[in-house]
Structure formats: structure tokens, C-alpha cells
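This short report looks at a surface patch and at a metal site. Please have the sequence and the model at hand while reading.

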Amino acid sequence: MRIDPHAHTTASDGTSTPAQLVAEALGAGLDVVGITDHDTIDGWAGATKAAERMGVGLLRGVELTALSAGITVHILGFLPDPDYEPLQAEFAAIRDSRLTRAERMVERIAVDFPITWPQVLSHVGPDATVGRPHIADALVAAEAFPDRNAAFAKVLHRDGPYYVPHYSPDAVDAVRLIRAAGGVPVFAHPGAGNRGRIVPDETFDELAAAGLAGLEIYHRDHSDEQYPRLTRIARALDLFVTGGSDYHGLGK
Ligand code: AMP
Ligand code: ZN
Ligand code: FE
Ligand code: FE
């Protein structure tokens, strides 16, 4: 059984539609693919239809953006009840705030680079979760940078003058919310130090106490020293271990 539980689509900041993601998973020889868009489950419907048609297993999930003592963390939630109202309300709150935040970032960036808000929106799928990768796409289209990575390195990173935060729930609350929705919470790329600060060891105790079930240890943004560290933490707290591609189509 080959499974990749962590992938994005045009419902957030991936470049493949949910149906394309399933087709690409089939082409890559996967038996099961996870759909884990940022702060939305709107891609589930299209992915489910495609998965049934193509005979691919679909792991329905979401990647919630959260905060732990000022540090941005991503909590994967697998198989939450899609009709659980508090979860839907939280998605809406985060996505609304992301929209305002992206527009503010674009205002700041437009002082120095040739982009406009409508140009950025042209890279966002219908009702998709807006993120910095869409701003990167507009910068690439304007030929300011060769690719998303370069735009992140120079303009979009967290410590730069253009960065604006958005509303995120506390990580402990995010874990509890996924549990309350009947889902399985997994801490995504908990040691991805290339994206900004990472949480200290004590945070894992708090999250485990709140109901965290697993750690995504195998991830492209983890440096070598994270594997022994995170493996030790997972064993100590009896958390299961996952890995995922965090596929974003052509975007990453
Ligand atoms: P946001 O959620 O708007 O703060 O943007 C963060 C998202 O941007 C992450 O979830 C990644 O999907 C993506 N990302 C972060 N760093 C990079 C990078 N260097 N190149 C491309 N995408 C990135
Ligand atoms: Zn993303
Ligand atoms: Fe993530
Ligand atoms: Fe992701």
C-alpha cells in the first residue's frame, strides 16, 4: 500500500484541481492520496468523484493554520466530520482574515514591485484559501522572480517588511477542534526551521495532552537533525509518525 497523506489543490494554494491531484496520484503509483488544503475542505467533493471514478483511495483531510506562543504551526486533520459547524466556522474565520491580510501584503509589495491585487486574485481559484503562494505567482507572472521559492526568499518570508499576519486559532484549540469533529490531528512539519521559528519540545506535551495523535516527521522541510529529535518526542508521547510530500503541483 502506497500512500501520500499530505497534498494541496486549487482549493488552496496548489496548482492541480482536486480531480487532477487524484489523476496525478494514480500516475505516480499511489494507492491512496490525502487532500489537505489549507483551512478548507471545499476540494473534497471534486476529489471524491475523481477517486471513485479512478479507483484511487482518498484520505479526506485539511491543514489548519494555527499559532503556538506566536509561532505559526500547521495541524493536519484527517477525516473530520465535514458538517461539524464549529469547524466550518473556524475555516471561515481564518479564510476571511487571510483575504484581508493578503490584500494588505500586496499593498506593501506594490510600492516596490509591479503587482496589483486583481493580478494576484487571477491566480486564486474560485473560493480558494488565499495564501502567500498566490502573491508569489503574481510576482513570477510579472517577471520579478523566476519561481515561487525565489519570491518567498526575497519578498514573502515572515521576517520581511511586507509580511502581515492573519487570524489563526491557538494550536491547542485547533487540536481540540479537530478531535471534537471526530478527526485525527497530526502536527505537520513540526521541525520546518526554514520557514521561521519552530516550537520547543514542551509544546509537544501540551498538544499531546489536547489530543494530538501523530507527528509528520518525514517532510522535505526537515533538516537531518530533526529526525532523531522528532522520533524521540513521538516515542515519548506515544504519537504515531507520518510522512508526506506536501505536494503543491507546479508550485513546489
Ligand atoms: P501563508 O499560508 O499564506 O502564510 O503561506 C504559507 C504557505 O506558503 C505554506 O503553507 C507553503 O505552502 C507555502 N510556502 C512556504 N514557503 C514556500 C516557498 N519557499 N516556496 C513555495 N511555497 C512556500
Ligand atoms: Zn500551501
Ligand atoms: Fe503546511
Ligand atoms: Fe501543506
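## The negative patch

Glutamate 202 is found in helix H8, where helices (H or I, at least four residues) and strands (E, at least two) are DSSP runs numbered from the N terminus. Glutamate 202 is exposed, with a relative accessible area of 53%, and the terms here are buried for under 20% relative accessible area, exposed for over 50% and partly exposed in between (1.4 Å probe, protein chains only).

Together with Asp170, Asp173, Asp205 and Glu206, Glu202 forms a negative surface patch; such patches are made of residues with over 30% relative accessible area and no salt bridge, with like charges joined within 9 Å and nonpolar side chains (Val, Leu, Ile, Met, Phe, Trp, Tyr) within 5 Å. A salt bridge is a side-chain nitrogen of Lys or Arg within 4 Å of a carboxyl oxygen of Asp or Glu. H8 gives the most to the negative patch, with three residues.

## The iron site

Glutamate 63 lies in strand S3 (residues 57–68) and histidine 189 in the loop between strand S5 (184–188) and helix H8 (201–210), so the pair ties together parts that are 126 residues apart in sequence.

Glutamate 63 counts as buried at 1% relative accessibility, and histidine 189 counts as buried at 7%. The iron ion (ligand 3) and the zinc ion (ligand 2) are separated by 5.8 Å.

## About the model

This is a predicted model, in which local features need pLDDT of at least 70 and side-chain atom pairs count only at pLDDT 80 or more, while totals for chains, interfaces and linings use all residues. Residues are numbered from 1 along each chain as its sequence is written, chains are lettered from A and ligands numbered from 1 in the order in which they are written, and side-chain values use heavy atoms, with hydrogens and water left out.

Terms used: Donors are N, O and S atoms within 2.8 Å of the metal (3.2 Å for Na, K and Ca); water is not among the atoms, so sites may look incomplete. Accessible areas come from the Shrake-Rupley method with a 1.4 Å probe; for residues, only the protein chains shown count as cover. Lys and Arg count as positive and Asp and Glu as negative; His and the chain ends are not counted. The place of a charge is taken as NZ of Lys, CZ of Arg, CG of Asp or CD of Glu.
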